[in-house]
Amino acid sequence: MSFKPYEHKVQYYETDTMKIVHHSNYVRWMEEARVDLLEQMGLGYDVMEKSGVLSPVLSVHCEYKSMTRFPERVQITIKLLSYTGVRFSFAYEIRDKQTNTLRAEGITTHCFTDVNGNPLSIRRKYPDWDKIFRENCEKQ
């Protein structure tokens with residue numbers, strides 16, 4: 001399955017007094033892209049949560065390469081970097097849509113839990129979901 005990149009238009013409120021995007025917003029954009037990718041996979045957070053599955057963030061890493069300003073548009077390419085059945089991680093590239101200039105790169109790591117916060121093996125409990133994650137991890 002080929003995924004389309006996520007696009008975000010920089011909002012004025014996301015900038016600081018220098019009209020440069022505040023660093024914290026890149027993490028939000030990664031979440032927006034992640035939600036979009038999971039929906040493209042057919043496993044959006046709404047689907048997971050209705051089934052009693054949560055997916056907390058375990059770690060976030062973001063490396064800033066160049067400044068983003070209002071009102072630019074960025075395109076976020078995301079790929080499933082690793083998947084074990086319990087944990088998974090995504091890699092992100094955030095680029096200026098018009099110039100293709102790299103703005104930031106990031107990685108997030110997540111796990112699956114039940115509603116009580118107990119670790120959950122998707123491989124065991126949801127084999128169809130496991131297949132989707134495995135296939136999409138192998139392709140990238």
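The side chains of Arg 103 and Asp 96 are joined by a polar contact of 3.3 Å (a pair of N or O atoms within 3.5 Å; within protein, one must be able to donate a hydrogen and the other to accept it, and residues adjacent in sequence count only if both atoms are side-chain atoms). The model is predicted: local features need pLDDT of at least 70, side-chain atom pairs count only at pLDDT 80 or more, and totals for chains, interfaces and linings use all residues. Residues are numbered from 1 along each chain as its sequence is written, and side-chain values use heavy atoms, without hydrogens and water.

Arg 103 sits in strand β5. Its relative accessible area is 9%, so Arg 103 is buried (under 20%; exposed is over 50%, partly exposed in between; 1.4 Å probe, protein chains only). The Arg 103 side chain also reaches the backbone oxygen of Met 67, at 2.9 Å. Beyond four places in sequence, the contacts of Arg 103 include Tyr 26, Glu 63 and Ile 94 (heavy atoms within 4.5 Å).

Ser 121 lies in the loop between β5 (102–111) and α3 (122–125). Ser 121 is buried too, at 17%. Its side chain reaches the backbone nitrogen of Arg 124 at 3.2 Å.

Ten aromatic pairs occur in the structure (ring centres of Phe, Tyr and Trp, the last by its six-membered ring, within 6.5 Å; planes under 30 degrees apart are stacked, over 60 edge-to-face, the rest tilted). Tyr 12 and Phe 70 pair edge-to-face, with 5.5 Å between centres and 85 degrees between planes. Ring pairs also link Tyr 83, Phe 88, Phe 90, Tyr 92, Phe 112 and Phe 133 into a cluster.

Terms used
Helices (H or I, at least four residues) and strands (E, at least two) are DSSP runs, numbered from the N terminus.
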